[in-house]
Amino acid sequence: MFLEVGGLTKHFGGVMAVEHINFKINKGEIFALIGPNGAGKTTVFNLLTGMLPPDEGEATFKGQRLSGLKPFQIRNLGIARTFQNLQLFNSLSALENVMVGAYLSGRKGFIQSLLRLPGVAGEEEQVRKKSLEVIEELGLGKDINTPASALPFGKQRLLEIARVLSGSPELVFLDEPAAGLNAGETKQLANFLKKLKEKGFTLVLVEHDMETVMDVADRILVLNFGTAIAEGTPEEIQRNDEVKKAYLGEDDQDEYAGCKWS
């Protein structure tokens, strides 16, 4: 199994963040975590990427236990992520930001490249070419020399995704990738995620834009108050009564038909 999660649990004091979460992810699929605000989605991401230690439970990636590993160790296994709050180098250009991500997976590394050590030039050209390809695919080709701080928020969001992907991870966690994007950018992002799947990437996303989720996801896990209440295909999730309750409440079932799922 590519990624397997069993019994994942985390409490903050007396508050239950996630409780005995179980799921499996196959290589090459797009898997989505959805749920109301505060359902525990980002906490799951933090537990799986080493940002938080679990209280209970285990996760394995290609048979390798993730518990106890630091974020950089998990990154070295081929797992990368984006954050709700952007993590860009504001003074660097768009291209330089993406190149930083690519250097993380290179043989020479970012520090050696900065110091211009022997053997760096050839790898730098490869990194630049690869970074430009990712930037172009996300529609940022005209912004390669623009400082990250000068880009509109929507483009900054796309830039962070480009930087993560330039490091060639096998498994990518995307935390609300469509947040702040306009309708055109959101559609472009959805198409790009589908292309990534065709290229063999495995994607896990937390997203509130249900139209995007239903469009790109192969399977969906729904969380509510820290527990899993449903798992299935987009079609199965749309028909699930527990999901309707979580999103609309007991008294609003008749209004569910107006919810924009697709």
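View 1. At 2% relative accessibility, Gly35 counts as buried, because buried means under 20% relative accessible area, with exposed over 50% and partly exposed in between (1.4 Å probe, protein chains only). Gly35 is found in the loop between strand E3 and helix H1 (41–48); helices (H or I, at least four residues) and strands (E, at least two) are DSSP runs, numbered from the N terminus. The C-alpha atoms of Gly35 and Leu221 are separated by 8.5 Å, although the two residues lie 186 residues apart along the chain. This is a predicted model, in which local features need pLDDT of at least 70 and side-chain atom pairs count only at pLDDT 80 or more, while totals for chains, interfaces and linings use all residues. Residues are numbered from 1 along each chain as its sequence is written, and side-chain values use heavy atoms, with hydrogens and water left out.

View 2. Strand E3 is mostly covered, five of its five residues being buried. Ile30, Ala32 and Ile34 point one way from E3, whereas Phe31 and Leu33 point the other way. In a regular strand the side chains alternate between the two faces of the sheet. Strand E3 (residues 30–34) runs parallel to strand E8 (residues 202–206), and four bridges join them; two strands are taken to pair if DSSP finds at least two bridges between them. Within E8, the bridge partner of Ile30 is Leu203, and that of Leu33 is Val206. Strand E9 (residues 219–224) is also parallel to E3 and is joined to E3 by four bridges, with Ala32 standing opposite Ile220 in E9.

**View 3. The six-stranded sheet.** Six strands make an open sheet in the order E6-E7-E8-E3-E9-E10, with mixed pairing. Strand E6 (79–81) and strand E10 (227–232) stand at the edges, each with a single partner strand, so one side of each is left without a neighbour in the sheet. From one strand to the next, the twist averages 15 degrees, where axes are lines fitted to C-alpha atoms (for helices over the stretch in contact) and angles run from 0 to 180 degrees between N-to-C directions.

**View 4. The four-stranded sheet.** An open sheet with antiparallel pairing is formed by four strands in the order E2-E1-E4-E5. Its edges are strand E2 (15–25) and strand E5 (64–65), each of which has a single partner strand, so one side of each is left without a neighbour in the sheet. Two bridges join E4 to E5, which run antiparallel, and the bridge partner of Thr60 in E5 is Arg65.

**View 5. Aromatic rings.** The count comes to three aromatic pairs, under a rule by which rings of Phe, Tyr and Trp (its six-membered ring) pair if their centres lie within 6.5 Å, planes under 30 degrees apart counting as stacked, over 60 as edge-to-face and the rest as tilted. The rings of Phe2 and Phe61 have centres 5.0 Å apart and planes at 75 degrees, so this pair is edge-to-face. Phe2 lies in the segment before strand E1 (3–12) and Phe61 in strand E4 (residues 56–61), so that the pair links distant parts of the chain, 59 residues apart. Phe2 counts as buried at 6% relative accessibility, and Phe61 is buried with a relative accessible area of 2%. Another of the pairs, Phe23 with Phe31, is stacked, at 5.2 Å centre to centre and 20 degrees between the planes, and both of these residues are buried.

**View 6. The nonpolar cores.** The largest nonpolar core holds 47 residues, of which Ile34, Leu159, Leu165, Leu193, Ile220 and Ile237 touch the most other members; such a core is a set of buried Ala, Val, Leu, Ile, Met, Phe, Trp, Tyr and Cys residues joined through side-chain atoms within 4.5 Å. Domain 1 (1–78 + 170–251) and domain 2 (86–168) both give residues to this core, so it lies between them, the domain bounds coming from an automatic or database domain assignment. Apart from this core lies another, of 26 residues, including Phe23, Val44, Phe45 and Val206.

View 7. Nine of the 10 residues of helix H3 (residues 94–103) are buried, so the helix is largely enclosed by the rest of the structure. Ser91, found in the loop between E6 and H3, counts as exposed at 70% relative accessibility. Ser91 and Ser149 are 58 residues apart in sequence and 6.6 Å apart in space, C-alpha to C-alpha.
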